[in-house]
Each structure stands twice: as structure tokens, then as C-alpha cells.
Amino acid sequence: MDTIRPRNIVIVGAGIAGIACALSLSKELTPFVPDLMITVYERHDILSTSGGAINLTPVAQRHLAQLGVLDELDRMGPEGGADVDAIELFSMRSGRPIGSIDFTDHNGNGFGGYKGRRVMRIVLSVAMLTVVERAKNIEIVFGKKVVGGEELEDRSVLHFQDGTEASGDLVIGCDGVHSAVRTQFVDVGRPAEYTGLSFLQATIDTNTLCSPIHFKSSSLNISRHGSILASYCDRDGDQIFAAAIVQFSQDALSRYRLEPGQDWATQHRIRCALREEIRDRFGKTSLPCIREMINSKADWMLYPVYQVRPGGRWSMNRTILLGDAAHAMPPRDESAAYALDDAILFSRILARYRSEPLTEVFDAYESLRRDTINRAFKESRRMWERNRDMGLFEGRLKEWMMSFHIKSHESAREAAWEFDATKMALPTPAPSEDLVSLNSFLRERTL
Ligand SMILES: Cc1cc2nc3c(=O)[nH]c(=O)nc-3n(C[C@H](O)[C@H](O)[C@H](O)COP(=O)(O)OP(=O)(O)OC[C@H]3O[C@@H](n4cnc5c(N)ncnc54)[C@H](O)[C@@H]3O)c2cc1C
């Protein structure tokens, strides 16, 4: 079995997992592998501006700080994201508060120094790429869509849509929920599944709203037809990111999808239909500012939510999947944090097992990660079930249960926010056979 330290590492996907993995590998491996080269291949020609805003939990912020990304976000000023002390929950029916998920303790301090933050995805990507630019051994190549690949004895090879190929001693698939690395060669039988739920997202200028804003920084507004998340996404509160989480049949997806190349009339019809969809579901809310957002001319974009069950194969001999490529769970505020944890833990294990075969590195990583991910996936599924359409009575019950659920999970949530992947104890490589025989020889001699 090959024990050559990987010097030429290829990462597929310049999303959260891919960039975090490149930064973390550079930090952990460079002291041991001076000629290390990490190349990230990304299918988009430029950074994608779609995707709206993302909430970062205290764990995600801690890990972004360790990678140098949080400083970059802070340097961007108000655009670097809105601080989120709590996500307040409200009933859309009655307008009353239901509870809150607090990112601060009783003294107003964040967990381990970090609270929550809501930031536009594009802003987070720019901050991550700025840190990459300072690293000497990371290169990002845009416009390279992976369409296939295979493992040879001494390397893993990727095929791109443009007919070119690239290879590495180690290939890391961080290419998200529809990962080509997973579906084309690591685990061909594991495509992403549609969850039956979708996000309808829009960004609204705060100064276009006349009604009072009922939340401080972030809110989740609950109804029996789904929920609407409304949150500032910049420090000055100039913009509100709104995302409705709703049940949507698979058939309806094709009718509502905006695609490049569609004519103006089709795009206009889809935009109007999506606005109508939102109004039908949430138009009767007692929360004035939500009602105003719903009735505004905002363009709502549809993001179907897919999942990848975590039970399948994550690795081969020279290729491994991290982040959503391995285990996309219906998104919750922690999803990006899991992608960051993956990147940091894998890099630390690779550095510690640097003299071992890659298959042992992969086994050690999976033994550390599988149970956590399986638990998180189940919890995430349970949470998402609550967004399916419900009857009147079930809807009331959901509101009541929600406040109970938030309270009863408070300590588990807060304990999870203290997690630090840079400090987690790692397994140790088994001593090599040579070392074992040397030890027994020495022991026999002293007897
Ligand atoms: C609507 C929505 C809202 C969400 N909100 C939150 C939130 O508030 N908080 C949170 O923590 N998480 C949230 N998530 C989940 C979070 O976005 C993901 O868990 C996280 O982005 C996973 O990171 P990743 O790097 O694994 O995948 P991605 O972020 O999907 O990145 C994958 C990258 O690979 C590239 N790629 C894909 N295919 C190829 C290919 N064939 N060749 C080359 N490159 C390729 C993509 O272009 C992309 O850059 C949300 C998810 C969705 C869908």
C-alpha cells in the first residue's frame, strides 16, 4: 500500500467546504510537506452571486476565525454581515412571540466568544478567496466542471467538461449536494434526493418598508403552511433577507424554475407565479412587516432543497468526499458549520497520519465523523418535517410544541456551539509492524 505523502492535492468545488479545506490543509501540512500544492477546480467561471444570505452559528464563526476569514469579513465593514444575538420566533397567525434561539448567554456574551452572523453568500465567498490569495500553495481554477473521474494505482484523475483532465495524489470532492465526484465515481448509486421542501428567497431594501420591524436582527415566523425567515444581512440593517420554507411538489419545480436562456415572458410569468404562491400561503399573517414584504414587488427565487443520505460511501483509495458532497442535510443553521468541521478535522488527521496509507487516513476520519453526521442528519430531517403543510389543529400544536422544543434543547444546543474542531482529540495511527517488532525485541532483551 502506497504511503507517499500527498504533495499534489486536488479539491473539486470552491464552496465553503472546498476553500476551508484548502486553507486548513495548507496550514496543517505545509510544515511537513514543503513542496505541497493544492489546486481547487470550480465549475463556475466567476464567483456565483446567487444563494442569498447564510446564517453562521458560533461554531462556524469560530472556525472561520481560525482560518483567517472572519477578520476579512470584519474588514469589509457593514457588508461583512449582521450580528445575530438571537433568532426570535413568532406565530404568523397571532403575531405573538413563541421563543428564541439565543446566540448569547445570560450576560450577553457569545459562546466561546462568538454569536451568530447573517451574511450574503457572495460576501463570505469573497472573504474566503481573499485569504486564499495570501496562501502561497493554493491555486483556484475557475470554469472547470468535473464530469467524471477514476482512480489509477498512483493517482486519481478528473475529467472536465471542456475535455481536459487533472490528477492528484489525493482528490477531495467538495462539490456540494449534486457532487459529480460522488455520483460519477465514489458512490455512483447515491444521487441527491429532493426533500419535497423549497426555499423562496428575496432580498428587500429596509427603507421600502413602512411597517414596524418586529424583530431585532433575525426572526423565524411560523405558520401551518411553512415558515418565513426574515433577517438583516448587513450591519447597518439596510437590507432584509427573507426566505420562505415551503412544501413544493417535485412536479411544480419545473414550472417555477428560472433558467438561463428563458425568454422574458417566461421569466415574468414565473416571477408572478412565485409572488402569488407566497401571497396564497402567508398573505393573512398578523405580522405587518411580513405582510408588506409578501405584497411587495420583490423577486422571489426558488431553491429546491435536496439531501444526500450520509450512509453511503465517502471514500475510495485516493479520493474522499467532504461537506454536502458526502452528507447534504436539509439545511439548518449548522449545515455550513458541519462543512467547516469536516475540512478542519480531515486536514488535522491527514497531517497526523502523514506517514500512513491514505486508506487509513480515510478510515480514521470516518470513524471520527460518521456518528456525529448521522445524528445531525436525523435531527435536521425532524426539524424540516415541521415545515410541511398542516391542518388547523396540527398547526396550533406545532406552535405550542416549538416553544417547548426550543427550551428543552437549549443546553444541548449551547454545548454544541462550544465545539472546536482544532482541539478535538484525534485517533493515533497504529504503530507500524517494524516498530512493534523493535519494541518486542527490546522488551525480550531486558527480560
Ligand atoms: C437555500 C439554502 C439555504 C441554506 N442556509 C443555510 C444557513 O443559513 N446556514 C447554514 O449553515 N447552512 C445553510 N445552508 C446549507 C449550506 O449552504 C451548505 O451546507 C454548505 O454550503 C455546504 O458547503 P459545500 O462547500 O459542501 O457545498 P457548496 O456550498 O454547495 O459548494 C459546492 C461548490 O462546488 C462547485 N461544484 C459543484 N459541482 C461541480 C463540478 N461538477 N465541478 C466543479 N465544481 C463544482 C459549486 O459551484 C460550488 O462552488 C443552506 C442551503 C440551502 C440550499
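**View 1. Five strands of the predicted model form an open sheet in the order β8-β2-β1-β12-β18, with parallel pairing.** Strands are DSSP runs of E with at least two residues, helices are runs of H or I with at least four, and both are numbered from the N terminus. Two strands pair if DSSP finds at least two bridges between them. The edges are held by β8 (138-141) and β18 (319-321), each with a single partner strand, so one side of each has no neighbour in the sheet. This is a predicted model, in which local features need pLDDT of at least 70 and side-chain atom pairs count only at pLDDT 80 or more, while totals for chains, interfaces and linings use all residues. Residues are numbered from 1 along each chain as its sequence is written.

**View 2. Strands β12 and β18 run parallel.** Three bridges join β12 (residues 170-173) to β18. V171 has T319 in β18 as its bridge partner.

**View 3. The largest nonpolar core has 125 residues.** Such a core is a set of buried Ala, Val, Leu, Ile, Met, Phe, Trp, Tyr and Cys residues joined through C-beta atoms within 7 Å. A residue is buried if 20 or more other C-beta atoms, placed from the backbone, lie within 10 Å of its own. Those with the most contacts inside the core are I11, A20, C21, A22, L322 and L340. Helix α10 (residues 335-352) gives the most to this core, with twelve residues.

**View 4. Surroundings of L340.** Apart from neighbours within four places in sequence, L340 is in contact (C-beta atoms, placed from the backbone, within 7 Å) with I16, A20, A60, H63 and L64.

Note on methods
A residue is buried if 20 or more other C-beta atoms lie within 10 Å of its own, exposed if 12 or fewer, and partly exposed in between; C-beta atoms are placed from the backbone. Two residues are in contact if their C-beta atoms, placed from the backbone, lie within 7 Å.
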